[in-house]
Amino acid sequence: MIVVTGASGLLGSNISRTIALSSSEIVGIYNNNFIESKDFESIAIDLSDFTKTNELIRQLNPSHIIHCAALTDVDQCELEPQRAWSINADASKNLSMLADDVGCGFTYVSTDSVFDGNLGQYDEHDIPCPINNYARSKLAGERMVIQAYSKALIIRTNFFGTNHQIIPSTGLANWVLTKLNARQAINGFRDVLFSPIFVEDLSELIINMIDVGVSGIYHVSGATQLSKYDFAVRLALKFGLPENLISPTSIDDSELAAPRPKNTTLSNNKIQEVLGKTMPELDAGLNRFKVSVSLQP
């Protein structure tokens, strides 16, 4: 049986659904956002309550824990650094220590934001240099997990897609669609580059990596590298929405609370060699995303 934390989130909901549809046993853990799913069992718990978390995991006795739960609002993390550290670092350390103790596998989902964005095309040998509290707390989580459980799998990524638990779904792609469907003008950062992967593709790859028995740090992202502005335009064209409503702007002109790295594109050479497959191109991911959006109630 597999336990997925953050099962009400974008990645957690998709991994949980993917595992359930494969007829594997799964329990999804959530905190504030109630899960109503016929696909899998769900349990509410605050992962910062280590006593209750430890009791639950020992009771469930899973074969693997996929740790997706995190405080991902970058600006909120900047304003509440202690909360970010508690959720993204301390809770991750506790879970990995617990996984090691009960003898189950452990996967920690990290972020491409651990890099400062000055270079891009980062591989697993590049030295992280986070520039905001969100990234610092996630990097601390990485290091605590590795120290606690040397056989853990750590995945750095950046994904988009539909949350099957929260309607309407959140995230960059859904925000773009919502605004353009309402014929509202939006800005897209022309100077922020990333390599996004569709969340269902990422979910399948994570399960594949677990099945193969991969451990250590891996970069898992889409094969297409582009700006946030170009991503929004590609999305608009795929859905037949007016791309002329999207204006290219610079992140330097934004009023965000936390600084953001400008180029977090990732190299996928390591994971492609291990799995013997190439990472998906953006257009293929957008096709799958369009189908998933059409299935939303």
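Here are a few notes on the sheet and the aromatic residues of this predicted model.

1. Ground rules first. Residues count from 1 along each chain as its sequence is written, and side-chain values use heavy atoms, with hydrogens and water left out. As this is a predicted model, local features need pLDDT of at least 70 and side-chain atom pairs 80 or more, while totals for chains, interfaces and linings use all residues.

2. The sheet is open, with 7 strands in the order β3-β2-β1-β4-β5-β6-β11 and parallel pairing. (Strands are DSSP E runs of at least two residues, helices H or I runs of at least four, numbered from the N terminus; pairing takes at least two DSSP bridges.) At the edges sit β3 (41–44) and β11 (216–219), each pairing on one side only.

3. Further in, β1 (residues 2–5) and β4 (residues 64–67) pair in the parallel sense over 4 bridges, and Ile2 has His64 as its bridge partner in β4.

4. Now the rings. Phe160 and Phe231 have centres 5.3 Å apart and planes at 70°, so they make an edge-to-face pair (centres within 6.5 Å; planes under 30 degrees apart are stacked, over 60 edge-to-face, the rest tilted). Phe160 is in β7 (residues 159–160) and Phe231 in α8 (residues 228–239), 71 residues apart.

5. Phe160 also pairs edge-to-face with Phe289, at 5.7 Å centre to centre and 85° between the planes. Phe289 belongs to α10 (residues 282–294), 129 residues from Phe160.

6. One aromatic cluster takes in Phe160, Phe194, Phe198, Phe231, Phe239 and Phe289.

Terms used. Rings of Phe, Tyr and Trp (its six-membered ring) pair if their centres lie within 6.5 Å; planes under 30 degrees apart count as stacked, over 60 as edge-to-face and the rest as tilted.
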